[in-house]
Amino acid sequence: MSRTTIIAAAQLGPIARSENRASVVKRMIALMREAKAMGAEVVAYPEAALTAFFPHWWTEDEAEIDAWFERDMPGKDTAALFDEARRLGVGFHLGYCELDLSSGKKRRFNSSILVDKQGAIIGKYRKIHLPGHFEHRPGTPFQNLEKRYFEVGDLGFGVWRAYGGVAGMMICNDRRWPEAYRVLGLQAVEMIFCGYNTPVHHPAAPDHDRLGQFHNELCMQSGAYQNSCWVIGVAKAGVEEGVDMIGGSAIFAPTGEIVARCSSIEDELIVARCDLDLGRSYRETTFDFAKHRRVETYGMIVERTGRNTP
Ligand code: ING
C-alpha cells in the first residue's frame, strides 16, 4: 500500500507595496480553505509570500527595509493563518522575510518554514543562493538586491519528517542549482517545497527571457527526477509594482513529469495526490547513489574549481 499525501500549491498573484499583511493573509486563508475542500493535507505558499518582493527596488532607509521583515513567526498578522491551519487540520509551507535579533545583532534572511497540522513550526530554511547584485543599478528597469537585503542562509539544506514522509525546502534561485537538490536527495528527501518570485525579464541577460518558463520547469523537473522526489514549485506571479513575474506553479513527480500546473498569473490553487513511494523504483535502480555514484573520484576536482575541468 503506497503512502500518499495530498499536496496543494497556492500560487499568489501580485501583492502591491500598499497591501498590508492582514489582507494577504486573508487571500492565503481563502486558498487554504479551498485546498482543504479538495482534500489537501499540506499547502505550499510562495517565497516572501506576505509582501511585495521589495528586492526589486532600491532603498537605503533602514526602517523601510525592516518593515518588509517578520520579527516574530507567527506574528500579529500571520497568527490568523496558523489558527486557520490548526482549525482545518492542514499543514503548510510559508516563505517570508525573517528579521533575527536572537544573536543581539540584526540579521536578515529570505526564509521559509514547514508548519504541521497542529500549527507548530517543524522546520526552517534560509535561502543560500542569493541572485542579483549588491549595488544599485539605476539604468535597469528593476533591481534584484537580495545580496544587499539578505544574508546568505546559515542553516544548510535540511529535511524533516512531515506530512507522512520526508520534507525539505529551497527558495527560488536555489532551484537552479543541482547541488541544492542533491544535498536533499542524499538525505532521502521525498518532497521539496520551493517558492519563487521570478521576473519574466532578466536585465543582465535579456536573451534568456523567452525561455523563462522553460528554465523554470527544466530545473524542477530535473531536480525531482535526479533525486527521486516530488518538487512543489509555487510562484508569486503577475505584474507586481511594475515587475512582470512568471507563474507556472506546478507539482513535479519523481518521474520528472508535471502532474499539476497553474494556468493563471493570479491567486490559484492546484492539488495533487502524491505517492511518496513513487520515487522508490528510481532510488533503487537508476539513482541508487551507493551503487552508482563515485564521489570519491570526482569530488576533489569539483570542490576545488567548481567545474569538471581543472
Ligand atoms: N528570482 C529569480 C530566480 O532565480 C533569477 C532571479 C531569474 C535569476 C532568472 C536567474 C535567472 O528565479 C529570485 N528571487 O531568486
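Please keep in mind that the model is predicted.

Let's start with helix α1. It covers residues 21-37.

Now look at the two ends of α1. At its start, a side-chain oxygen of N20 comes to within 3.2 Å of the backbone nitrogen of A22. After the helix comes G39. The phi of G39 is positive, near 85 degrees.

Which residues of α1 are buried? They are R21, V24, V25, R27, M28, I29, L31, M32 and A35. An α-helix has 3.6 residues a turn, so residues three or four places apart point the same way. And what covers the buried residues of α1? The cover includes strands β1 (4-11), β2 (42-44), β3 (91-100) and β14 (268-275). It also includes helix α3 (79-88).

Next, the rings. Searching the whole structure gives 12 aromatic pairs. Take Y45 and F92. Their pair is edge-to-face. The centres are 6.4 Å apart, with 70 degrees between the planes. This pair links distant parts of the chain. Y45 is in the loop between β2 and α2 (62-66), and F92 is in strand β3. That puts them 47 residues apart. Buried or exposed, what is Y45? Y45 has a relative accessible area of 0%, so it is buried. F92 is also at 0%, so it counts as buried.

A second pair is F69 with F150. It is edge-to-face as well, at 5.7 Å centre to centre and 65 degrees between the planes. Again, distant parts of the chain are linked. F69 is in the loop between α2 and α3. F150 is in the loop between α4 (146-149) and β6 (159-162). The two are 81 residues apart. F69 and F150 are both buried. They also belong to one aromatic cluster, with F54, W57, W68 and Y149.

The charged end of R175 sits over the ring of Y196, 4.3 Å from its centre. R293 lies over the face of F289, 5.6 Å from the ring centre.

On to the ligand. A polar side-chain atom of E146 is 2.9 Å from a nitrogen atom of the ligand. The side chain of N173 has an N or O atom 2.8 Å from a ligand oxygen. For R176, a side-chain N or O atom is 2.9 Å from an oxygen atom of the ligand.

Finally, two loop residues. V152 is in the loop between α4 and β6. Its C-alpha atom is 6.5 Å from that of K127, though they are 25 residues apart along the chain. Beyond its neighbours within four places in sequence, V152 is in contact with F109, K127, I128 and L130.

The other one is S228, in the loop between α6 (212-226) and β9 (230-235). Why is S228 called buried? Because its relative accessible area is 3%, and the cut-off is under 20%. Leaving aside neighbours within four places in sequence, S228 is in contact with V189, P254, G279, Y282, R283 and F287.

Conventions: Residues are numbered from 1 along each chain as its sequence is written. This is a predicted model: local features need pLDDT of at least 70, side-chain atom pairs count only at pLDDT 80 or more; totals for chains, interfaces and linings use all residues. Side-chain values use heavy atoms; hydrogens and water are left out. Helices (H or I, at least four residues) and strands (E, at least two) are DSSP runs, numbered from the N terminus. The expected span of a helix is 1.5 Å times one less than its number of residues. Buried means under 20% relative accessible area, exposed over 50%, partly exposed in between (1.4 Å probe, protein chains only). Contact means heavy atoms within 4.5 Å. A polar contact is a pair of N or O atoms within 3.5 Å; within protein, one must be able to donate a hydrogen and the other to accept it, and residues adjacent in sequence count only if both atoms are side-chain atoms. Rings of Phe, Tyr and Trp (its six-membered ring) pair if their centres lie within 6.5 Å; planes under 30 degrees apart count as stacked, over 60 as edge-to-face and the rest as tilted. A charge sits over a ring if NZ of Lys or CZ of Arg is within 6 Å of the ring centre and within 35 degrees of the ring normal.
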